[in-house]
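Please look through the structure below with its charged side chains in mind.

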Amino acid sequence: MTVFDITKVAAEETSTFELLNGNDEPLLDDKKKPISITVYGPGSEPFAIVQSRQNARAIERLRKKGKADQTPAQRFAEQAEDLADLTVSFNGFGHPEHPNGGREMFKAVYGDRKLGFIAEQVSRHVGDWSHFTKR
């Protein structure tokens, strides 16, 4: 009897997706090419680390204050940190204050409220297993 190899349906570590602008239209560079972001998904070690850190923060807030409240600014800053740690690369775009790229550039983009539509898309994407399913 042959047994189905369940690892054939294991999630991919990363996924790349094209960004949309604030009007839900493809976000294009100056040459009219789509720009994208590559991120770690829910089956990856970086995702597990971020999730663990989020849980630890919540527990620490409860321990200190007896409640899980946090200011919008704190939540926004933590989200920028978490998304930066889940980002592998920005593809086709950068940030003028961080020409060398990397984590600080990711944080700058995710921490910019005027670019909040990008952080929102990344949050939705990384939380959906279907984006990391082998095809």
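Arg 103 and Glu 81 form a salt bridge, with their closest N and O atoms 2.6 Å apart; the term stands for a side-chain nitrogen of Lys or Arg within 4 Å of a carboxyl oxygen of Asp or Glu. The pair links distant parts of the chain, since Arg 103 is in helix 3 (residues 103-110) and Glu 81 in helix 2, 22 residues apart. Salt bridges that share partners put both residues in one network, which also includes Arg 53, Arg 57 and Asp 82.

This is a predicted model: local features need pLDDT of at least 70, side-chain atom pairs count only at pLDDT 80 or more, and totals for chains, interfaces and linings use all residues. Residues are numbered from 1 along each chain as its sequence is written, and side-chain values use heavy atoms, with hydrogens and water left out.

Asp 82 forms a salt bridge with Arg 53 (2.7 Å, N to O). Asp 82 lies in helix 2 (residues 72-86) and Arg 53 in helix 1 (residues 45-65), so the contact ties together parts 29 residues apart in sequence. Arg 57 also forms a salt bridge with Asp 82, at 2.9 Å between the closest N and O atoms. Asp 82 is buried, at 2% relative accessible area, and Arg 57 counts as buried at 16%, whereas Arg 53 is partly exposed at 26%. Buried means under 20% relative accessible area, exposed over 50%, and partly exposed in between (1.4 Å probe, protein chains only).

Methods. Helices (H or I, at least four residues) and strands (E, at least two) are DSSP runs, numbered from the N terminus.
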